[in-house]
Amino acid sequence: MGIKKSKKFPQPAAVKQILKRCSSFGKKNSSDRDGLPSDVPKGHFVVYVGENRSRYIIPISWCRHPLFQNLLRKSEEAYGYKQDMGITIPCDEQAFRSVTSMII
């Protein structure tokens, strides 16, 4: 009997990638002594959504939710993890708000 590969989003790897990217946000802008943006509370990270790249501050705990994992998977497929300006979610703002309202 072989081991089946799960089609689920690999949580630990994805969260590590997100946190690695988030740890470099804000180093060129207004930041606290840790180099993180001063307006992003501990335990949160920033994503950009929609055509205008609206900025949203998201709790890291959402990375475990299947709906948000789906958004992260779409982001990875569209842009990869090497995004210059932070994690961009490839959907319009109304769809993003609809998904996040189901997570809260």
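**Sheet, packing helices and core of a predicted model**

In this predicted model, the chain has an average pLDDT of 77, and 63% of the residues score at least 70. Where pLDDT is low, the predicted coordinates should not be read in detail.

The model contains an open sheet of 3 strands, arranged in the order β2-β1-β3 with mixed pairing. Strands β2 (54–59) and β3 (87–89) lie at the edges; each has a single partner strand, so one side of each is left without a neighbour in the sheet. On average, neighbouring strands of this sheet are turned by 40° against each other, direction ignored. Strands of a sheet pair through backbone hydrogen bonds, either parallel or antiparallel. The pairing of β1 (residues 44–49) with β3 is parallel and extends over 3 bridges. Within this pair of strands, V49 stands opposite I89 in β3.

Two helices pack on the sheet. Helix α2 (residues 66–79) touches β1, β2 and β3, and its direction makes about 105° with that of β3. Helix α3 (residues 93–103) likewise touches β1, β2 and β3, while its direction makes about 15° with that of β2.

The largest nonpolar core comprises 16 residues, of which V47, I58, F68, I89 and F96 touch the most other members. At least two residues of this core are supplied by each of β1, β2, α2, β3 and α3. In soluble globular proteins, nonpolar side chains tend to be buried together. The surroundings of I89 illustrate the packing: leaving aside residues up to four places away in sequence, I89 touches V47, Y48, V49, G50, L71, L72, S75 and F96. Two of these contacts, V47 and F96, are named with I89 among the core residues that touch the most other members.

S101 is located in helix α3. The side chain of S101 reaches the backbone oxygen of S98 at 2.7 Å.

R53 lies in the loop between β1 and β2. Most residues other than glycine have a negative phi. R53, by contrast, has a positive phi of about 55° although it is not a glycine. With a relative accessible area of 31%, R53 is partly exposed.

How values were computed
Residues numbered from 1 in each chain as written. Predicted model: local features only at pLDDT ≥ 70, side-chain atom pairs only at ≥ 80, totals over all residues. Heavy atoms only, no water. Pairing = 2+ DSSP bridges. Helix = DSSP H or I, 4+ residues; strand = E, 2+ residues; numbered from the N terminus. Axes fitted to C-alpha atoms, helices over the stretch in contact; angles between N-to-C directions. Contact = heavy atoms within 4.5 Å. pLDDT = per-residue confidence, 0-100. Polar contact = N/O pair within 3.5 Å; in protein donor to acceptor, adjacent residues only side chain to side chain. Core = buried A, V, L, I, M, F, W, Y, C linked by side-chain atoms within 4.5 Å. Buried < 20%, exposed > 50% of the residue type's maximum accessible area, 1.4 Å probe, protein only.
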